[in-house]
Amino acid sequence: MKFTIQRDYFINQLNDTLKAISPRTTLPILTGIKIDATDNGLVLTGSDSEVSIEITIPAELNHEQIVTIQDKGSIVLPGRFFVDIIKKLPAADVTIDTNAQFQAKITSGQSEFNVSGLDPDQYPLLPQVSEDSVITLPVKVLKNMIRQTNFAVSTSETRPVLTGVNWVIQDNVLSCTATDSHRLALRRLPLENNTIENINVIIPGKALNELNKIISDEDESVDVFFASNQVLFKVGHVHFISRLLEGNYPDTSRLFPESYETSLTIDNHEFFHAIDRASLLAREGGNNVIKLSTASEHVELSSTSPEIGTVKEEVKTSKFEGQELKISFNSKYMMDALKAIDNSDVNVEFFGTMRPFILKPQDDDNVIQLILPIRTY
């Protein structure tokens, strides 16, 4: 195999491929990047057997020659080490030439490296995902959905299903739910031209996080394909495959009561920064607890640290209904929830002092953040 490629473009694609590679893999060959030189260009593959990334580098892009293939072939090169070499090479182009013993000669300008590779036939085959059931989402919408839900997945492995986001398609609506059992994030999206009737899968939060880093806003849309235990995201020249989590996601629909006891509308920006300031003392107390008490025209936030002192913040409400109440919550959870709501005005609905309360954009039920209060008495 022999090819010459633009170094800067190569580095970007290699960095994205590296995101699927884990140094702690049980299969040594999976610490490498598989490179296939074909008639159409280069194909880079990285995998840790949970997540696989396959990137196609076309010979030409926007009428510019990216890669020239002199001889077709394949090799697996040590991932991080190989990428570090390419990053430090002196010239704008790099040539890679391999022999039958899987030795790779890497040349660029006056620099030459000889690197031992591995037999590509030993590299595990990527899982096959049928391309029958597909939904197409605008890239910006997908990135937003990940941002609005992924932060709420559990980081503890005691309940593995909670480390993922539950994607459900029903009645032409995609619902994404994430919870760590202390808070919950829900994002709904009505689907147009949808051919999938029912899907209920759990996509690992870590995989969605990596996907979010790889897809760029320059891409317009992403195709999502579902198989029994895999999901494939196709965007531009990138194929991103993730294993799905096994198990049943808890039924969260009963967490949303019909009628609230107290409802208020408040400015997102002001509320966020007041909580941020109050949390300075809450963090010192070691528990992040902020107390909130409602009145007809404002909410009062307070926090106490025995070593430092107390803080009080007042934020005006633009609308208030129902009974006055006092409740305590985790400041970090509240700030995460407010960040996930893009609107300038937020509705907060309370169902009693010890029941979960919800935050959502004004006049919009497609984004809902739910938080469990903290007992402070």
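This is a predicted model: local features need pLDDT of at least 70, side-chain atom pairs count only at pLDDT 80 or more; totals for chains, interfaces and linings use all residues.
Colleague: What makes aspartate 171 count as exposed?

Modeller: Its relative accessibility is 69%, and since the term exposed applies to values over 50%, aspartate 171 counts as exposed. The residue lies in the loop between β13 and β14, and it has a positive phi of about 50 degrees although it is not a glycine.

Colleague: Why is aspartate 363 called exposed, and where does this residue lie?

Modeller: Aspartate 363 reaches 75% relative accessibility, and therefore counts as exposed by the cut-off of over 50%. Its place is in the loop between β26 and β27, and its phi, near 60 degrees, is a positive value in a residue other than glycine.

Colleague: Why is α5 described as roughly antiparallel to α6?

Modeller: Helix α5 (residues 268-284) and α6 pack at an angle of about 155 degrees, with their axes 10 Å apart. Angles over 145 degrees count as roughly antiparallel, which makes α5 roughly antiparallel to α6. The crossing of the two helices is left-handed, and the contact involves residues including Phe271, Phe272 and Ile275 of α5 and Met334, Met335 and Leu338 of α6.

Colleague: How do you know that β21 and β22 are paired, and in which direction do they run?

Modeller: Two strands pair if there are at least two bridges between them, and four bridges join β21 (residues 289-294) to β22 (residues 298-305), so these strands meet the criterion; they run antiparallel. As one example, threonine 294 has valine 299 in β22 as its bridge partner.

Colleague: Why do β16 and β24 stand at the edges of the sheet?

Modeller: The open sheet has twelve strands, in the order β16-β13-β14-β15-β27-β26-β25-β20-β23-β22-β21-β24, with antiparallel pairing. β16 (199-204) and β24 (326-330) each have a single partner strand, so one side of each is left without a neighbour in the sheet. Neighbouring strands of this sheet are turned by 25 degrees against each other on average, direction ignored.

Colleague: Which helices lie across strands of this sheet?

Modeller: Helix α3 (residues 139-149) lies across β13, β14, β15 and β27, running at about 160 degrees to β15. Helix α6 (residues 331-339) lies across strands including β21, β24 and β25, and runs at about 85 degrees to β24; because angles from 65 to 115 degrees count as roughly perpendicular, that value falls in the roughly perpendicular range.

Notes. Residues are numbered from 1 along each chain as its sequence is written. Side-chain values use heavy atoms; hydrogens and water are left out. Axes are lines fitted to C-alpha atoms, for helices over the stretch in contact, and angles run from 0 to 180 degrees between N-to-C directions. Contact means heavy atoms within 4.5 Å. Angles under 35 degrees count as roughly parallel, over 145 as roughly antiparallel, 65 to 115 as roughly perpendicular and the rest as oblique. A crossing is left-handed if the near helix is turned anticlockwise from the far one by less than a right angle, and right-handed if clockwise. Buried means under 20% relative accessible area, exposed over 50%, partly exposed in between (1.4 Å probe, protein chains only).
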